[in-house]
Structures are given as C-alpha cells and as structure tokens.
Amino acid sequence: MKAVELFDLSGKVALVTGASSGLGARFAEVLAANGAAVALVARRAERLEAVKARITAAGGRAIAIEGDVNDRAAMQRAFDAAEKAFGAVTVLVNNAGVAHAHRAVEMPATEWRRVLDTNLDAVFFWAQEAARRMLAAGQRGSIINIASILGIAVAKGTVAYAVSKAAVIQLTRALSLELAFRGVRVNAIAPGWIVTEINRDYLESDKGKALTRQIPTGRFGEEEDLDGVLLLLASDAGRYITGTTVFADGGISNVLPG
Ligand code: NAD
C-alpha cells in the first residue's frame, strides 16, 4: 500500500467548523488538498470566502457557509448545503472553539456559558447531527473533535476552557462506543501550543518564549504539525482507530515543569 493511497480522501465530504482562520482554515485546506470536498463553516463570511478561494485556486472543491455553531437552525442549513453541493458529510471536524482569560473567582456566568456552549454543547450537537446523517445515508464516517492539552492538565485562568476540553475527550469516547458498530469513528486531536494568528503575539513575546523551554521539542507547534494526525484520523488509514485522543503537543503533556 502506498501512503498516497492510504491517506487519500477522494470521494469524502468534509465539514469543518471555525474554518475561517487558524487551525480550522489549515484543516480545510489539507483535507481539500488530499481529495475531500470541503464545506467551510464559520461566522465571518468574507474570511471564509478567502479560504474557499485558496482551496479552489489549488484545484480543490469547497463551499463557504456562514453560520454560528451555537445556532441549531444554522447547523441544519450547513449540513443541508454541504449535502446539496457534494453529498452526505462523511468527515466532520469539530474545530470551532473559544478561549477566555478569567480566573475562577472572577468568571462571569455569561462567559462560562459562552465557553461551554461553543466548546462542548456545539461539539456534541454537530457530532450528533453528522452521525445521524451518516447513518441515514448508510455511510461510514469519521468525526474529529479538537480538544487540547488543557483537557488533561490545567493552567491558571483557563477553568471553563479546561473543563470544556476535558469533556470533549470524554465525549469522544462515549460517542465512539455508540457509533463504532455502525461504521462511524469518533476521535479527538489534542494540540499543544500551536502558533496561529490569535496567539502569535503572546507566544512570540518574551513570556511566550520562556514557555518553549518547558516543551520537550523546544519549540511551539506550527499549524502544519497537525496535518499528519488529521489525515490519519480522517482517512481510511485510521480505519481501526476510534475513541482515541491523539496528542500533538511536542511532548509537553508528559512532563512536569522544571
Ligand atoms: P482561532 O480563534 O483562530 O479559531 C477558532 C475558530 O472558531 C475561529 O475561526 C472562530 O471564528 C471560530 N468560532 C468561534 N466561535 C464560533 C461560533 N460560535 N460559531 C462559529 N465559529 C466560531 O483559534 P485556533 O487556535 O485556530 O483554534 C481552533 C481550535 O483548536 C479550537 O477548538 C481551540 O480550542 C483548539 N486549540 C488550539 C490550540 C492552539 O494553540 N492554537 C491549542 C489547543 C487547542
């Protein structure tokens, strides 16, 4: 078996949430470059169009769908639009997520709700909808949830985020158990610190640079460091992998600081 065939996504239809920037945009471009037709979902229509334009210029197939992951009607419209354009979604990347910087005692209830709504509730409902439609279409599929190293460790000022990502890891296991027999795999990727436009200033500051000394690989991750694990979980190369969270974190989740 050649790697190019093993990881080939031709015939697959992927839907990526939060595809307008950062990791989501990268995931969408990598899936498209390897043969998948991709539905891009996010709130910022202009930025989505730019990602779509890059994909089509590179010879890929994509549609852009404006929508908030917390809006269930928009969710239905997104799956309908993807289906109409390309057929049933067979790869879902549950990527949209939000962070916060509040210490627990200062955390407003609205902020707690915003983080849990987006990082947990939406992940469940988009996975549920994808699975329902895969089963109805009689299709095998792969659901990939984006967790974090903060799903198994904690840092100050991340209480809601860390709880939401821990829940995503457990949600991944629970869904995988119920869906495995029906041919739908559910896995998660737990990235470490990956440089994207949203955290670049912080990670490249002196404070950020000091953090790299704690990372076994000695550097922050780049968006392309997740390409391999994404393709493994999305493609038939990962056909016997389900319920797993793959850590792509330069080894940081294994070590004590010092
Ligand atoms: P990002 O802010 O660039 O990407 C998040 C995306 O989600 C954005 O496109 C944003 O618009 C979208 N989004 C947020 N709320 C939404 C909503 N309600 N509806 C639709 N879209 C919404 O950050 P990123 O670093 O690319 O993060 C992507 C995912 O990776 C997140 O789930 C994040 O928690 C996770 N993650 C990132 C890192 C990292 O170091 N970059 C590490 C671990 C986990």
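Charges first. This chain carries 29 positive and 27 negative side chains. The centres of those two sets sit 3 Å apart. Keep in mind that this is a predicted model.

Now the fold. We have nine helices and seven strands. The radius of gyration is 18 Å, close to the 18 Å from the globule rule for 258 residues, so the chain is as compact as a globular protein of that length. Along the principal axes, the C-alpha atoms fill a box of roughly 50 × 45 × 40 Å.

What about contacts along the sequence? Take those between residues at least 6 apart. Of these, 70% join residues at least 24 apart.

Next, burial and surface. Of the 258 residues, 49% are buried. The chain exposes about 12,700 Å². Carbon and sulfur atoms supply 53% of that area.

Let me zoom in on one residue, serine 164. Where does serine 164 lie? In helix α6, which covers residues 159–179. Is serine 164 buried or exposed? Its relative accessibility is 0%, so serine 164 counts as buried.

Look at the side chain next. A polar atom of the serine 164 side chain lies 2.7 Å from the backbone oxygen of tyrosine 161.

And which residues does serine 164 touch, once its neighbours within four places in sequence are set aside? Val115, Leu116 and Asn119 are in contact with serine 164.

To put that residue together: serine 164 is in helix α6, has 0% relative accessibility, and has a side-chain polar atom 2.7 Å from the tyrosine 161 backbone oxygen.

Methods. Residues numbered from 1 in each chain as written. Predicted model: local features only at pLDDT ≥ 70, side-chain atom pairs only at ≥ 80, totals over all residues. Heavy atoms only, no water. Helix = DSSP H or I, 4+ residues; strand = E, 2+ residues; numbered from the N terminus. Rg over C-alpha atoms; globule rule 2.2 N^0.38 Å. Buried < 20%, exposed > 50% of the residue type's maximum accessible area, 1.4 Å probe, protein only. Contact = heavy atoms within 4.5 Å. Areas by Shrake-Rupley, 256 points an atom, 1.4 Å probe, with all protein chains shown as cover. Lys, Arg positive; Asp, Glu negative; His and termini not counted. Charge placed at Lys NZ, Arg CZ, Asp CG, Glu CD. Polar contact = N/O pair within 3.5 Å; in protein donor to acceptor, adjacent residues only side chain to side chain.
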